[in-house]
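Subject: A structure for you to look at

Hi,

Here is the structure I promised to pass on. Have a look at it first, then read my notes below.

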Amino acid sequence: MTSKCISSVAILLAALCQGASAGDVGSEAATVAATVQSFHAALESGDTEAAASLLAPDAVVLESGGKETLEEYLGHHLLEDIKFAQAVAGTRGQPEVTIVGDVAWASSTSITRGTYQSRPLNLVGAELMVLTRTASGWEIRAIHWSSRQGK
């Protein structure tokens, strides 16, 4: 084989391997996004068990300048998030997912308009979830929510 032929074969093999890898990453990114969407679906349906099952035992939730452990979140804040999700319609953008090894982060934005506890709301929100791959699938290890008044 000539060096030109060997180079062509090497380039072709590299492209094929890269394509397979990109497909795997795309599939994993879709799985991560589905995990995030399942968490939101659990909130909207009021399914505390489903929501809790997607959170890692050492998960932390950051919101409004505070930090809660999983126990603290499940103890009171989860129920408030369910009430809010069920009372106010929101539109979430598709999560943008990045995966490095067994760690993924998914970021998205949202718009929430409606009335909650007799207060009119017009919020623009941002969400960041950090997930890790485990033997049973992707787990949410951290959630960070922030919002501001919309225009």
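Helices (H or I, at least four residues) and strands (E, at least two) are DSSP runs, numbered from the N terminus. Keep in mind that this is a predicted model, where local features need pLDDT of at least 70, side-chain atom pairs count only at pLDDT 80 or more, and totals for chains, interfaces and linings use all residues. Residues are numbered from 1 along each chain as its sequence is written, and side-chain values use heavy atoms, with hydrogens and water left out.

On to the strands. β5 (residues 103–116) and β6 (residues 119–134) are antiparallel partners, with 14 bridges between them. Along this pair, Ile111 sits opposite Val124 of β6. The hairpin of β5 and β6 has two residues between the strands, and Gln117 there has a positive phi near 50°.

β6 also pairs with β7 (residues 137–149), again antiparallel, over 12 bridges. Two residues make the hairpin link from β6 to β7. If you want to trace the pairing, Arg133 has Trp138 of β7 as its bridge partner, and Val130 has Ala142 of β7.

β1 and β2 form a hairpin with two residues between them, and Ser64 in the turn has a positive phi of about 50°.

Now the pocket. On a 1 Å grid over the protein atoms alone, a pocket is an open set of points with protein on both sides within 12 Å along at least five of seven lines, and lining residues have an atom within 4 Å of a point. The largest pocket has a volume of about 810 Å³ (the space filled by probe spheres set on the points, which are joined across faces, edges and corners). Its lining has 30 residues, and Glu63, Asp81, Phe84, Thr112 and Leu123 are the ones nearest the centre. The elements giving two or more residues to this lining are α1 (3–45), α3 (70–87), β3 (90–92), β5, β6 and β7. β6 gives the largest share, seven residues.

Last, the salt bridges. A salt bridge is a side-chain nitrogen of Lys or Arg within 4 Å of a carboxyl oxygen of Asp or Glu. How many does the structure hold? There are six salt bridges. In one of them, the side chains of Glu44 and Arg92 meet at 3.0 Å, N to O. Glu44 is in helix α1 and Arg92 in strand β3, so this pair ties together parts that are 48 residues apart in sequence.

Cheers

Notes. Pairing = 2+ DSSP bridges. 1 Å grid on protein atoms, 1.4 Å probe; cavity = no way out; pocket = protein on both sides within 12 Å on 5 of 7 lines; lining within 4 Å.
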